[in-house]
Amino acid sequence: MSQPLIEFQGVEKRFGDTVIFKDFNFSVEDGEIVSIIGPSGSGKSTLLRILMTLEGIEGGVVNVAGEPLWHKRTANGLVPADNKHLHRMRHHLGMVFQHFNLFPHMSVKRNITEAPMRVQGKTKAEAEAIADELLELVGMSDKADMYPNELSGGQKQRVGIARALAMQPSILLLDEITSALDPELVDEVLDVIRNLAKKHSFTMLLVTHEMYFAREISDRVCFFDQGAIVEEGEPEQIFTAPKETRTQAFLNAYMSQ
Amino acid sequence: MPFGEIISILLEGALVTLKIVALALPLAAVMAFGFGMLRLYAPKPIKYLAIIYIEFFRGTSALIQLYWIYFVLPFFGFSFDAMTAGVVALGLNIGAYGTEVVRGAMASVPKGQYEAAVALNFSSTQRLWRILMPQALVNMIPPFGNLAIELVKATSLVSLITIADLTYRAKALADMTLQVTEIFAVVLVLYFLFAQVLAIGFRVLEKKLSRGLGRGGLGQ
């Protein structure tokens, strides 16, 4: 087996006195689609936020594409990463947020073109060509000149997906991207992800409460509880024949809702 | 004294008042942004210097600050003409209040905006100037408008350090002619007009900047 694209090795993460991860190990293969399910406060979102460099770690190593994310390799071993290293590593990653976090002072199109132009140095024409293509992909071509506050939640999130994709990340992190949406708007967002998943052109890591969706698109499902992976496996197995009692309890509670 | 003559003398004073506003307002803005940013982002020792400036100028009387700059500093070898002293005192005073406006507005931008900017790999300078500042700016406009009006009214203090502004002339004319009611009525109206022009100007600016932010002129 080749080297995993994402690798957590003995990671420790604390918020003050609260321990989120202790000696946490986890890995994702290149091109794999992995769903993370579990109760709130189990560390699911923290896992994505550590990868997106929004949260640091207190111990262990996180490797992305064979390179430590939060450390720099030097002659004297690993030292904590500086801004330059983080900036370089972030080009592997893109993230879609629960609350969209679109830039309200920019049009839909500029939300998408701003980073490719300012960060990757693309010309306006190049960035707009990418934006047009992505807006088409997420079905938002006719809304390019609108502002985020003129859009519905589902439309905002589709722009959020397009904005993340515009940076051409190899890993896409989806953090409860439908949790803030009205139920009737969930499907239009999930459809976009379904289409992306079919192409399998990049690695996806999703934290989600949409169980049927996780079952449908994932190569692997991980059940998290209290900062640890209690059970992981193929979606069919996890959802139809969970081995661990905690997984069973969680899924039963979920199904009875 | 004929009313027309009173008006023309007062208008001359009004020009002096406007001149002080025109000079002190940019100074206040520079102080507000400069020290507001230092207060937020500078390393510790510089941050403390910023806090000392802010608290000193907010915590003491504007009139006493003016007296210090004009009457006391010359004893320490720093002499200013009255106009400079007036502009500097008012600019530093209003600027100190402005730093808190800048700080509050920056803090009011949701954390998710910062996180999205990190996720898209913007540099820290780009995050500040392209993502956070444009959003904060809209929130700064209404309180800045208040401060600008505050400044117009505070200019009357400079009449106490020999500057012949609107208030100074009104006082002198009233002492001379005893036409107290007419004179101070005109003065009242003129200050009110200046404040209104500023208020309208800031409202237009707010509207212009707020497209997309969902806080059009109605403050929603």
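The largest nonpolar core of this predicted model has 81 residues, and those with the most contacts inside it are A:Met95, A:Leu134, A:Ala162, A:Ala166, A:Leu173 and A:Leu174. A nonpolar core here is a set of buried Ala, Val, Leu, Ile, Met, Phe, Trp, Tyr and Cys residues joined through C-beta atoms within 7 Å. A residue is buried if 20 or more other C-beta atoms lie within 10 Å of its own, exposed if 12 or fewer, and partly exposed in between, with C-beta atoms placed from the backbone. Helix 6 (residues 183–199) of chain A gives this core its largest share, six residues. Helices (H or I, at least four residues) and strands (E, at least two) are DSSP runs, numbered from the N terminus. A second, separate core has 42 residues, including B:Val16, B:Ala148, B:Ala154 and B:Val158.

A word on conventions: residues are numbered from 1 along each chain as its sequence is written, and chains are lettered from A and ligands numbered from 1 in the order in which they are written. Since the model is predicted, local features need pLDDT of at least 70 and side-chain atom pairs count only at pLDDT 80 or more, while totals for chains, interfaces and linings use all residues.

**The sheet of chain A**

Let's start with the open sheet of six strands in chain A, whose order is 8-9-10-3-11-12 with mixed pairing. Two strands pair if DSSP finds at least two bridges between them. Strand 8 and strand 12 (228–233) are the edge strands, each pairing on one side only. From one strand to the next, the twist averages 20 degrees; axes are lines fitted to C-alpha atoms, for helices over the stretch in contact, and angles run from 0 to 180 degrees between N-to-C directions.

| Strands of chain A | Sense and bridges | Bridge partners |
|---|---|---|
| Strand 8 and strand 9 | parallel, four bridges | A:Val96 and A:Leu174 |
| Strand 9 and strand 10 (residues 203–207) | parallel, five bridges | A:Asp175 and A:Val207 |
| Strand 1 (residues 6–15) and strand 2 (residues 18–28) | antiparallel, seven bridges | A:Ile6 and A:Val28 |

Strand 9 (residues 171–175) deserves a look in your viewer: five of its five residues are buried. On one side sit A:Ile171, A:Leu173 and A:Asp175, and on the other A:Leu172 and A:Leu174, so both faces are covered by the definition of buried given above. Leaving aside neighbours within four places in sequence, A:Leu174 is in contact with A:Val96, A:Ile193, A:Met204, A:Leu206 and A:Val207. Contact means that the C-beta atoms of two residues, placed from the backbone, lie within 7 Å.

Strand 1 and strand 2 form a hairpin with two residues between the strands, where A:Gly16 takes a positive phi near 65 degrees. Most residues other than glycine have a negative phi. A:Asp23, found in strand 2 of chain A, has a positive phi near 45 degrees without being a glycine. A:Asp23 counts as partly exposed because it has 13 C-beta neighbours inside 10 Å.

**Chain B**

Chain B has eight helices and zero strands. Along its principal axes, the C-alpha trace of chain B spans about 70 × 45 × 20 Å. Of its 220 residues, 35% count as buried. Among the contacts in chain B with a separation of 6 or more, 73% join residues 24 or more positions apart.

In the loop between helix 6 (124–154) and helix 7 (166–177) of chain B lies B:Thr162. Although B:Thr162 is not a glycine, its phi is positive, about 70 degrees. B:Thr162 counts as partly exposed because 13 C-beta neighbours lie inside 10 Å.

**Where the chains meet**

In the interface, 21 residues of chain A are in contact with 18 residues of chain B. Strand 8 (93–96) and helix 3 (108–118) of chain A each supply at least two residues of the side of chain A that touches chain B. That side divides into eleven nonpolar, eight polar and two charged residues. Ala, Val, Leu, Ile, Met, Phe, Trp, Tyr, Cys and Pro count as nonpolar, Asp, Glu, Lys and Arg as charged, and the others, Gly among them, as polar.

**Annotations on record**

An unreviewed UniProt entry annotates residues 6–251 of chain A as "domain: ABC transporter". Over this span the chain is 37% helix and 28% strand, with the end C-alpha atoms 27 Å apart. For chain B, the UniProt annotation (unreviewed entry) "domain: ABC transmembrane type-1" covers residues 14–199. That span is 82% helix and 0% strand, and its end C-alpha atoms lie 18 Å apart. UniProt positions are given in the numbering used here, feature names are shortened, and annotations may be inferred rather than shown by experiment.
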